[in-house]
Amino acid sequence: MLGTTKIYGCLADPINHVKAPTIFTSIFKNKNIDAVMIPIHLNDDNLENVLSSLKAIKNFKGMTVTIPHKTNITKLCDYLESDAKFTGAVNWIKFDNDRNLIGDNFDGQGFVNGFIKQNYSLKNKNVCLFGAGGAAVSIGASLVNEHIKSLKLINRDINKAIHLKNKIHSKSNLLKVEVFPESDYTLIDSDIIINATSLGLKQTDKLPFNVNNSSPNSVIADIIMQPEETELLKHAKSLGRSIHYGKYMIESQTDLVGRFLKLW
């Protein structure tokens, strides 16, 4: 590193599952960009103080943001891009030349791009989405643009799922969107099932849903990156289901992020 090196961070709690520092530092090296990304392990209680301190570090340029900070950090941004404003969550922030904090959200488009790059199709598919937090909102919003046939939302907090349904219908009231509680839903009619919850980060976590109840032809997707093969994906694989890894969501965001940061 040189005195001119730009520093980027990856903000998370827990931190051991994140892959962004390795991915982006490697990209910076390959593109001959004088920059590094470091992991920043931080709980919500210190979020405002740490951001205020980072603002004073002139070569600290921005961060990728993950669980559990995606929603709370929006309140500390000076400006939100349209996707961040719509979803109420960010997964990237940057400081502009005046050190104003700008937030955007690439999770949804990153998931969609990664899914399509793995030769899966979304068009005319029945999709089931577990979760209604920041990542789920972003993915749900992006799925609207992919001409899917229907969307089923399942979440522990039914009110959050209803709120997500209303947000999606504000973009397109033609898409069939249904909401179900965790205790009452079916999977057999879903072509694509996405885990957009944090279940799977810990070995002690329960599975977000019972893969046995899914169609043999369905694709099971997870957004968790570490472990790469979650217990959900292991179980799905053992049953012969097609699976989609969480790492593809962040890997497919790199072009979007580069333009956001004005690095390439």
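**A closer look at helix α5**

Author: Ten of the ten residues of α5 are buried, so this helix is largely enclosed by the rest of the structure. Keep in mind that the model is predicted.

Now for a neighbour. Helix α4 covers residues 107–117, and α5 covers residues 134–143. The two pack with their axes 7 Å apart, at an angle of about 60°. The helices are therefore oblique to each other. The crossing of α4 past α5 is right-handed.

Which residues meet there? On the α4 side they are Asp107, Gly108, Gln109, Phe111 and Val112. On the α5 side they are Ala135, Ser138, Ile139, Ser142 and Leu143. Look at how the α5 contacts are spaced. An α-helix has 3.6 residues a turn, so residues three or four places apart point the same way.

Last, the cysteines. The whole structure holds zero disulfides. Take Cys77: its closest cysteine sulfur is in Cys10, 16 Å away, which is too far for a bond. A disulfide needs the two sulfur atoms within 2.5 Å. Burial is another matter. Cys77 counts as buried because its relative accessibility is 13%. Cys128 has 0% relative accessibility, so Cys128 counts as buried as well. The cut-off for buried is under 20%.

Key:
Residues are numbered from 1 along each chain as its sequence is written. This is a predicted model: local features need pLDDT of at least 70, side-chain atom pairs count only at pLDDT 80 or more; totals for chains, interfaces and linings use all residues. Side-chain values use heavy atoms; hydrogens and water are left out. Buried means under 20% relative accessible area, exposed over 50%, partly exposed in between (1.4 Å probe, protein chains only). Axes are lines fitted to C-alpha atoms, for helices over the stretch in contact, and angles run from 0 to 180 degrees between N-to-C directions. Helices (H or I, at least four residues) and strands (E, at least two) are DSSP runs, numbered from the N terminus. Angles under 35 degrees count as roughly parallel, over 145 as roughly antiparallel, 65 to 115 as roughly perpendicular and the rest as oblique. A crossing is left-handed if the near helix is turned anticlockwise from the far one by less than a right angle, and right-handed if clockwise. Contact means heavy atoms within 4.5 Å.
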